[in-house]
Amino acid sequence: MNIVFVSLALNIHQAGISDELYRLTHGKFRFIETGYNSVSEQKGGENEFAKRPYLVCTQNSRAGEVTAKQLIREADVLIYGASPLKYLKERVSTGKITFLYSERWLKRGLLNLLSPRLLQQQWFYHTRCHRKPVYALCASAYAAGDFTKMFSFKEKCFKWGYFTTVPEIDIGNKFNLSKLNYLIK
């Protein structure tokens, strides 16, 4: 199975799950980075993820753009994040399974309904995605509720999280538990 993940940038949140998808698919996974034009634009400076074997960059690269569109059309599954709408349009035209991952859209309440970007996404969803295999991966506890308020992704929402491992921590060494026990008594 070929899986493609499209987002603004490969970062600490997506690297773990991307590494795991690459491993589980035996190398049939690609992450398409559509964002930063230079290292100085990235939060934290130097991009520690740039050397990942599955990374495809579209910034300032015609070849990267062509490769990205081909991967988007041919993938068995696409995960679409914060990225230009043209990539989602490319995918939806194929009729293949697509997941949009998102945090909540109405963080500031109904005031967010006036956002041009949100209006554009909702218009596209309701006119081009509504009866197609397009699902929501909710990256926050409130995302599904926000989608419901906008009549989007009815019975098509799934919980989504980035972290595939949790490091073991010896909590006794991390905190002085004897002081904590004393305070609780």
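How are E20 and R23 separated in helix α1? They are three residues apart, and therefore about one helical turn lies between them. The legends below describe this pair and other close-up views of a predicted model, in which local features need pLDDT of at least 70, side-chain atom pairs count only at pLDDT 80 or more, and totals for chains, interfaces and linings use all residues. Residues are numbered from 1 along each chain as its sequence is written, and side-chain values use heavy atoms, with hydrogens and water left out.

View A. E20 is partly exposed, at 24% relative accessibility (buried means under 20% relative accessible area, exposed over 50%, and partly exposed in between, with a 1.4 Å probe and protein chains only). Helices (H or I, at least four residues) and strands (E, at least two) are DSSP runs, numbered from the N terminus.

**View B. R52 forms a salt bridge with D19.** The closest N and O atoms are 2.8 Å apart. This pair links distant parts of the chain, 33 residues apart: R52 belongs to the loop between β2 (29-33) and β3 (55-57), and D19 to helix α1 (residues 12-24). R52 is partly exposed, with a relative accessible area of 23%, and D19 is partly exposed at 30%.

**View C. A salt bridge connects K86 and E65.** Their closest N and O atoms lie 3.2 Å apart. Because K86 is in helix α3 (residues 85-92) and E65 in helix α2 (residues 62-74), the pair ties together parts that are 21 residues apart in sequence. K86 is partly exposed at 41% relative accessibility, whereas E65 is buried, with a relative accessible area of 12%.

**View D. The largest nonpolar core contains 27 residues.** A nonpolar core is a set of buried Ala, Val, Leu, Ile, Met, Phe, Trp, Tyr and Cys residues joined through side-chain atoms within 4.5 Å. V6, I32, Y80, L88, F147 and F153 touch the most other members. Elements that each supply at least two residues include β1 (3-7), β4 (77-80), α4 (116-129) and α5 (143-149). Another core, of 17 residues, lies apart from it, with Y54, I79, Y101 and W160 among its residues.

Note on methods. A salt bridge is a side-chain nitrogen of Lys or Arg within 4 Å of a carboxyl oxygen of Asp or Glu.
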